[in-house]
Amino acid sequence: MILQQLSILNYKNIAQAELQLSPKINCFIGDNGEGKTNLLDAIYFLSLCRSATTSMDAACIRHETEMTLLQGLFEREDGSREEIALGMRRGQKKQLKRNHKAYKRLAEHIGLIPLVMVSPLDGALIDGGSDERRRFMDIVISQYDRRYIDSLTAYNKALQQRNAMLKQETEPDAVMMDLWEEEMARHGEVLFAAREAYVHELTPMFAEIYGTISGGRERVALEYVSHCQRGPLLEVIRQGRQRDMIMGYSLHGAHRDELTMTLDGYPIKREGSQGQNKTYLIALKLAQFDFLHRTGSRTAPLLLLDDIFDKLDARRVEQIVHLVASDRFGQIFVTDTNRDHLDQILATSDADYKLFHVTGGDVHGQGRS
C-alpha cells in the first residue's frame, strides 16, 4: 500500500498541508514541537481511526477551530486506488469515508491500510502495565483478523456488564451472571487463540531483527501468559466468582493476559539499558511489520518511524539504517531533528525520496525522482 497524497486541515498544530509523497522514503526534519509527529499521527488516524498519541479525538482538532479534515489517496499493488477521508467536529462523532461512501462501523475500515508505527511512546510497552502490551497485540491482530475485532468488542462488553453486577450491594442475578460469564469465556477463548498464535510466530522474527541490530550481543524472547492456559476459561472465571464479588471486579479473563518481555532470560524492564530498551522496541515493531506483510491482505504496511535514533550508539543506528533502507520494507515515513541520520538513510538507498522541513506546523518539501 502506498500513500500518494495527504491533505490535512486543522489537525493539531497543522493549519493546512497538501503533500505529494514519495512511494519509498519520506523524511520530515525539524526541531521538537514543530509538528513532525503530528504529520505521522494524521497518517496513523487514517489507518486505525484513532490517534497514536491521545485517546481524546477532540484533542486532535487545532486550537481555535471547530473541525479537522484528513484525506489520503492510497494506491494498492494492483494499481487500484482508495480515497480515505476523515472528518471530526467538536462535540460530534468522527466520520470516515472510503471512496466517498461513509462506513457504518469504523471497525470495518481496520486492516484496509495496514500500518506499523515506531515512536518514543512505545516505551510504555516496557515500563507500563499489562494493558499496554495487550493493546500492542490487539492493534496488530485487528488489522488482519475481523473476527478478532468482533470478539474483542463483545468480550469487553460482557466484562463491563459482569463488573457492574459485581459492584452491586445486593446479590447479583445468577442467571444473568452465568450469561455474561459465558460470553466472556466464548470470546475470551477466541482472543487467546489469536494472541497465542501471533506471539508464537512473531518471536523468531523479533529475535532475528534484534540480533541484526545488536550484533548478536543479547538474546531476546517473548512469552504470552493467559488464564486460558489453566483450562477452560469459563471454569476459571466461575471458580473465582466469590472472590470477584468481594473485590468488586473480575480477576480472571483475557483482560488480564500478559506479554512477558525478556533480555538474556531476565525481564527487560529490570535489566535493559536505555539503548537496549530502544533496540528492543524497534526490533519488536519491525518484526510486527514483517508479520503484517505476510498475513491478512499481504499488502506491505506503511512504516512510520518517529524519532527512533535517540539513545542509540552509532553501530546500532547504522544497522537500523541498513534495515529500513533495504527492499524489505515498503513506503517509509521517518522523522528526526538530526539531518545526519536522515542523510545516512538516503545515502544507503538509491530509492526515490522526499525530504520535508517542518516549522511551526508548516511543511515544505523537496525530493528526488
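The chain holds 11 helices and 15 strands, where helices (H or I, at least four residues) and strands (E, at least two) are DSSP runs numbered from the N terminus. The model is predicted: local features need pLDDT of at least 70 and side-chain atom pairs count only at pLDDT 80 or more, while totals for chains, interfaces and linings use all residues. Residues are numbered from 1 along each chain as its sequence is written, and side-chain values use heavy atoms, with hydrogens and water left out.

As for overall form, the C-alpha trace spans about 70 × 50 × 40 Å along its principal axes. The radius of gyration, taken over C-alpha atoms, is compared with a globule rule of 2.2 Å times the number of residues to the power 0.38. For 369 residues a compact globule would come near 21 Å, and the chain, at 22 Å, agrees.

Helix H9 covers residues 274–293 and reaches 29 Å from its first C-alpha to its last, close to the 28 Å expected at 1.5 Å times one less than its number of residues. Because 18 of its 20 residues are buried, H9 is largely enclosed by the rest of the structure.

Turning to the cysteines, a search of the whole structure finds zero disulfides, a disulfide being a pair of cysteine sulfur atoms within 2.5 Å. For Cys49, the nearest cysteine sulfur belongs to Cys60, 12 Å away. Cys49 counts as buried because its relative accessibility is 6%, and Cys228 is likewise buried, at 9%.

Methods: Buried means under 20% relative accessible area, exposed over 50%, partly exposed in between (1.4 Å probe, protein chains only).
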